[in-house]
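Let me put the structure up, and then I'll walk you through a few spots.

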Amino acid sequence: MLVSENPCLALAADFTPEGFLPWRDALTSVISKRAYVVEEYDASVASPSRRFRLPAIIARRSQSATLHRPAAFTRANVFLAYSVLVPDGRARPRRAAWKCALCGEIEHDMSALTFEHVVPRSRGGLSTWSNIALAHASCNHKKGARTLAEAGLTLHVPLRRPTNRDLATLRLRTQFPTPPQAWRTYLDLVYWTSPIDP
Ligand SMILES: [Zn+2]
């Protein structure tokens with residue numbers, strides 16, 4: 001048995017998927033009573049005094065105060081919020097990519113994308129969820145300091161204003177395109193497994 005192959009799904013107190021933990025951290029949360037076990041794997045580990053089944057899913061005893069709040073506007077969160085999963089051969093069936101908001105093409109290289117201010121900064125547009133999309137540097141440059149209407153463009157990607165919960169789900173889905181069987185009841189599998197229309 002490879003215990004490293006048994007990641008544990010962490011649910012918030014309201015059973016919202018929150019992230020995953022290595023089994024060791026999951027056991028620590030359970031032993032310290034910060035969380036309880038919802039499902040176990042068949043695999044187990046032994047300490048000198050006890051044998052523990054590996055937790056497949058744990059739920060936290062107290063609700064995170066921030067889970068349903070708007071996500072912080074950071075570069076990492078923007079790239080996560082706008083990521084899409086695209087087919088990528090057999091070894092890793094899907095991987096994250098992005099769609100340029102201005103030309104609509106899929107881009108695999110994060111470094112080719114820039115923050116596109118929908119209302120240009122020179123017109124008072126802010127760097128906030130309600131004004132930022134991802135676009136190729138070249139597309140961004142072509143639009144320049146014009147509005148979408150002035151440039152004759154429409155956004156190919158709706159602006160996103162995710163909560164921390166939305167980002168937790170996106171992060172999990174990127175990390176586990178094919179989730180462990182034990183998790184499936186707790187994930188929105190329709191969303192999880194549906195092909196993404198890029
Ligand atoms: Zn583009």
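So, Pro70: with 12 C-beta neighbours inside 10 Å, Pro70 counts as exposed. The cut-offs here are 20 or more other C-beta atoms within 10 Å for buried, 12 or fewer for exposed and partly exposed in between, with C-beta atoms placed from the backbone. Keep in mind that this is a predicted model, where local features need pLDDT of at least 70, side-chain atom pairs count only at pLDDT 80 or more, and totals for chains, interfaces and linings use all residues. Numbering starts from 1 along each chain as its sequence is written.

Where does Pro70 sit? In the loop between S4 and helix H2 (75–81). Helices (H or I, at least four residues) and strands (E, at least two) are DSSP runs, numbered from the N terminus. Leaving out residues up to four places away in sequence, Pro70 touches Arg161 and Thr163; contact means C-beta atoms, placed from the backbone, within 7 Å. The C-alpha atom of Pro70 is also 8.7 Å from that of Arg165, 95 residues apart along the chain.

Buried in H5 are Ala168, Thr169, Leu170, Leu172 and Arg173.

Back to S4, and its sheet. That's an open one of 4 strands, order S2-S1-S4-S3, with mixed pairing; a pair needs at least two DSSP bridges. At the edges are S2 (17–21) and S3 (35–46), each pairing on one side only. On average, neighbouring strands here are turned by 30 degrees against each other, direction ignored. Axes are lines fitted to C-alpha atoms, for helices over the stretch in contact, and angles run from 0 to 180 degrees between N-to-C directions. S1 (residues 8–11) and S4 (residues 51–60) run parallel over 3 bridges, and Leu11 has Ala59 in S4 as its bridge partner. Helix H1 (residues 23–31) packs on this sheet, touching S1, S2, S3 and S4, and makes about 75 degrees with the direction of S4.

There's also an open sheet of 3 strands, S5-S6-S7, paired antiparallel. S5 and S6 (residues 94–99) are joined by 5 bridges, and Val86 has Arg95 in S6 as its partner.

Zooming out, the chain has 6 helices and 9 strands, and 24% of its 198 residues count as buried.

Note on methods
Contact = placed C-beta atoms within 7 Å.
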